[in-house]
Amino acid sequence: MMLNLTNILAEAGEAVAVTAAEAASSDSAAATGATGAAMGGELITTILMMVAMVAIFYFLLIRPQRKKDKQVKNMLAALKVGDRICTIGGLYGTIAGLKDDTVTLTMGSLQNTIVIARWAIRSVENVALENDAEPQI
């Protein structure tokens, strides 16, 4: 299959070269037009390939990342006191207080509190831990 495609492309290239050579021998102005038309076709093909590559990058990389960033932004804006969260460091806790860019968490049975940056929250957990009320030994 690939060998046949290579042979076809080679024959097409030879045909264009023969056509250009015949046109050059008959009339130099016609030869310039024939090579110009071939160059224009190559230029259009190159531009179409570049547009296709940009479209592929947009739909496979840029658009999904923007969608994910929008979801994270909405999640951080919807935080409220009492939500169970997981931080990017893997700490689980309950939100005890919210300020502009900081969040106060309470963690564990001893209700230890820490203050973290709002951007350091990975996710809001829907499941409450049952063992929070029981002291760990």
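The following exercises, with worked solutions, concern a predicted model.

**Exercise 1.** Determine the strand order of the open sheet and identify which strands form its edges.

*Solution.* Step 1: the open sheet has 5 strands, and reading across it gives β4-β3-β2-β1-β5. Step 2: the pairing is antiparallel. Step 3: β4 (112–117) and β5 (121–125) each pair on one side only, and are the edge strands. Step 4: from one strand to the next, the twist averages 45°.

**Exercise 2.** Describe the pairing of β2 with β3, and find the bridge partner of G97.

*Solution.* Step 1: β2 spans residues 92–98 and β3 spans residues 102–107. Step 2: these two strands are joined in the antiparallel sense over 4 bridges. Step 3: G97 has T104, in β3, as its bridge partner.

**Exercise 3.** Classify L91 as buried, partly exposed or exposed, and describe its surroundings.

*Solution.* Step 1: L91 is placed in the loop between β1 (84–87) and β2. Step 2: its relative accessible area is 40%. Step 3: buried requires under 20% and exposed over 50%, so L91 is partly exposed. Step 4: neighbours within four places in sequence aside, L91 contacts I85, C86, M107 and I114. Step 5: L91 and M107 lie 16 residues apart along the chain, with 8.3 Å between their C-alpha atoms.

Notes
Residues numbered from 1 in each chain as written. Predicted model: local features only at pLDDT ≥ 70, side-chain atom pairs only at ≥ 80, totals over all residues. Heavy atoms only, no water. Pairing = 2+ DSSP bridges. Axes fitted to C-alpha atoms, helices over the stretch in contact; angles between N-to-C directions. Buried < 20%, exposed > 50% of the residue type's maximum accessible area, 1.4 Å probe, protein only. Contact = heavy atoms within 4.5 Å.
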